[in-house]
Amino acid sequence: MKSLLGGAVSALVFGLAFGATAAQAAPGDTLREVKARGELVCGVTQGLDGFSLQDSEGNYGGLDVDYCRAVAAAVFGDASKVRFRPLSSKERFEALKSGEVDVLARVTTWSLSRDTQLGVIFAATNFYDGQGMLVPTSLGVTSAAELDGARLCTNTGTTTELNITDYFRSNGLSFELIAFEKSDEAASAYEAGRCDVYTSDASGLAAKRLTFANPSEHVLLPEIISKEPLAPAVRQGDEQWLNVARWTHFAMLNAEELGIASGNVDQILEEQRALAAGSTGNQEIQRFLGLGDDFGAAFGLPKDWAYQIVKQVGNYGEIYDAPRGPGGALGLERGLNALWTNGGLQYGIPVR
Ligand SMILES: N[C@@H](CCC(=O)N[C@@H](CS)C(=O)NCC(=O)O)C(=O)O
């Protein structure tokens, strides 16, 4: 009895001292593996304009894609060292958990159950969204209150199906839910008239609507029924990698706040380098660009990690408004995704 207890105590002490069980990745494992492999593997959608879409030549574009490139720029100093792995909503978390992808950047909503029950953890919200409902104009409906008995097309394994169920139940409306694994199938079924409503993140509806034969024959209802903070996620148990994922987003926000963009970063760097030699100049910008203390080494990155992100990929505003970003491809206003200084929610945590 005594020795059994002793064993338990020493196991507890061992566990506390090393801070992890055998099943968890040791801090630093992911970054080491990514560096050894020579490329980042990023889980993205199977095709959603504004976020992750391949053109006819196979080149990827979109907000999530550019975020992945920014992580590669921070790690390798080379934004091209990333491979994209298309994933359905249903398979995405298992792909991250099993190590098939290093980061999941796939219009994925950050929620309590996902943060605590799946072995994954969210890094930062790269797009604040909400769930909407698209209906054919021919239905003559102007509000969700008129949707009693509606057939609803959506995707399996999403917050979308949970929210729409909540919404119809809360409002005492009956409904029939028709869920598909692929969002293309859900959108096509809706377009073919199998459903009265297509529901998803409002940004996703804007993207899908553009693929319809007659986009003007479909209208977004005024009700936004949920909060969908879309966020990149990593595996639990590797805080170093979590920081790489998190600070990549914050670096792009800080760059925009500081007026640093891909087109002017070299000029600003040279100006500040000259000023730094005389112990003057903008201290915040100098820290950000790696002209002062080294802020990269403590989480395994080169000193110029933030410079590389901005130089090779851009600041947050640039990737938002890029030709395949939510602003460029879908014409979405910044709205909640404006910087906090412009009344939005995007706020760069200080580099210091
Ligand atoms: N944000 C929601 C929904 C994400 C989602 O799966 N959206 C669909 C519909 S817009 C999508 O990604 N479509 C592209 C694809 O399936 O590849 C979630 O995390 O559950």
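Biologist: What makes Cys42 and Cys68 a disulfide?

Modeller: This is a predicted model, and the call rests on distance. The sulfur atoms of Cys42 and Cys68 are 2.0 Å apart. The cut-off for a disulfide is within 2.5 Å. The pair of Cys42 and Cys68 therefore counts as a disulfide.

Biologist: Which hand does the link of Cys42 and Cys68 have?

Modeller: The link is left-handed, with -70° about the S-S bond.

Biologist: Where in the chain do Cys42 and Cys68 sit?

Modeller: Cys42 is in strand 1 (residues 40-44). Cys68 is in helix 3 (residues 63-76). Cys42 and Cys68 are both buried.

Biologist: How many disulfides does a search of the whole structure find?

Modeller: Two. The other joins Cys153 to Cys195, with S to S at 1.9 Å. That value also falls within 2.5 Å, so the pair qualifies.

Biologist: Why is the disulfide of Cys153 and Cys195 called right-handed?

Modeller: The torsion about its S-S bond is about 70°, so the disulfide is right-handed.

Biologist: What parts does the pair of Cys153 and Cys195 tie together?

Modeller: Cys153 lies in strand 9 (residues 150-155). Cys195 lies in the loop between helix 7 (183-191) and strand 11 (197-201). The pair therefore ties together parts that are 42 residues apart in sequence.

Biologist: Why do Cys153 and Cys195 count as buried?

Modeller: Buried means under 20% relative accessible area. Cys153 has 0% relative accessibility, so it counts as buried. Cys195 has 3%, so Cys195 counts as buried too.

Biologist: How are the bonded cysteines paired in sequence order?

Modeller: The pairing is 1-2, 3-4.

Biologist: Is Leu134 buried or exposed, and how do you know?

Modeller: Leu134 is found in strand 8 (residues 131-136). Its relative accessibility is 1%, so Leu134 counts as buried. Contacts of Leu134 beyond its neighbours within four places in sequence include Tyr190, Val197, Leu205, Phe212 and Leu220.

Biologist: What separates the C-alpha atoms of Leu134 and Val120?

Modeller: A distance of 31 Å, with the two residues 14 apart along the chain.

Biologist: Why does Thr108 count as buried?

Modeller: Thr108 has 0% relative accessibility, so it counts as buried. Thr108 lies in the loop between strand 5 (103-104) and helix 5 (112-117).

Biologist: What does the side chain of Thr108 reach, and what makes this a polar contact?

Modeller: The side chain reaches the backbone oxygen of Arg106 at 2.6 Å.

Biologist: How is the packing of helix 10 and helix 12 described?

Modeller: Two packed helices are described by the angle between their axes and the distance between the axes. Helix 10 (residues 265-277) and helix 12 (residues 305-312) pack at about 145°, with axes 10 Å apart. Val265, Asp266 and Leu269 in helix 10 meet Tyr307, Val310 and Lys311 in helix 12. By class, that contact has four nonpolar, no polar and two charged residues.

Biologist: Which residues touch the most other members of the largest nonpolar core?

Modeller: Trp241, Ile260, Phe288, Leu289 and Trp305, out of 62 residues in that core. Not counting residues up to four places away in sequence, Leu289 touches Ile260, Val265, Ile268, Leu269 and Tyr307. A second, separate core of 14 residues includes Leu147, Phe168, Leu221 and Ile225.

Note on methods. Residues are numbered from 1 along each chain as its sequence is written. This is a predicted model: local features need pLDDT of at least 70, side-chain atom pairs count only at pLDDT 80 or more; totals for chains, interfaces and linings use all residues. Side-chain values use heavy atoms; hydrogens and water are left out. Axes are lines fitted to C-alpha atoms, for helices over the stretch in contact, and angles run from 0 to 180 degrees between N-to-C directions. Helices (H or I, at least four residues) and strands (E, at least two) are DSSP runs, numbered from the N terminus. Contact means heavy atoms within 4.5 Å. Ala, Val, Leu, Ile, Met, Phe, Trp, Tyr, Cys and Pro count as nonpolar, Asp, Glu, Lys and Arg as charged, and the others, Gly among them, as polar. Buried means under 20% relative accessible area, exposed over 50%, partly exposed in between (1.4 Å probe, protein chains only). A polar contact is a pair of N or O atoms within 3.5 Å; within protein, one must be able to donate a hydrogen and the other to accept it, and residues adjacent in sequence count only if both atoms are side-chain atoms. A nonpolar core is a set of buried Ala, Val, Leu, Ile, Met, Phe, Trp, Tyr and Cys residues joined through side-chain atoms within 4.5 Å.
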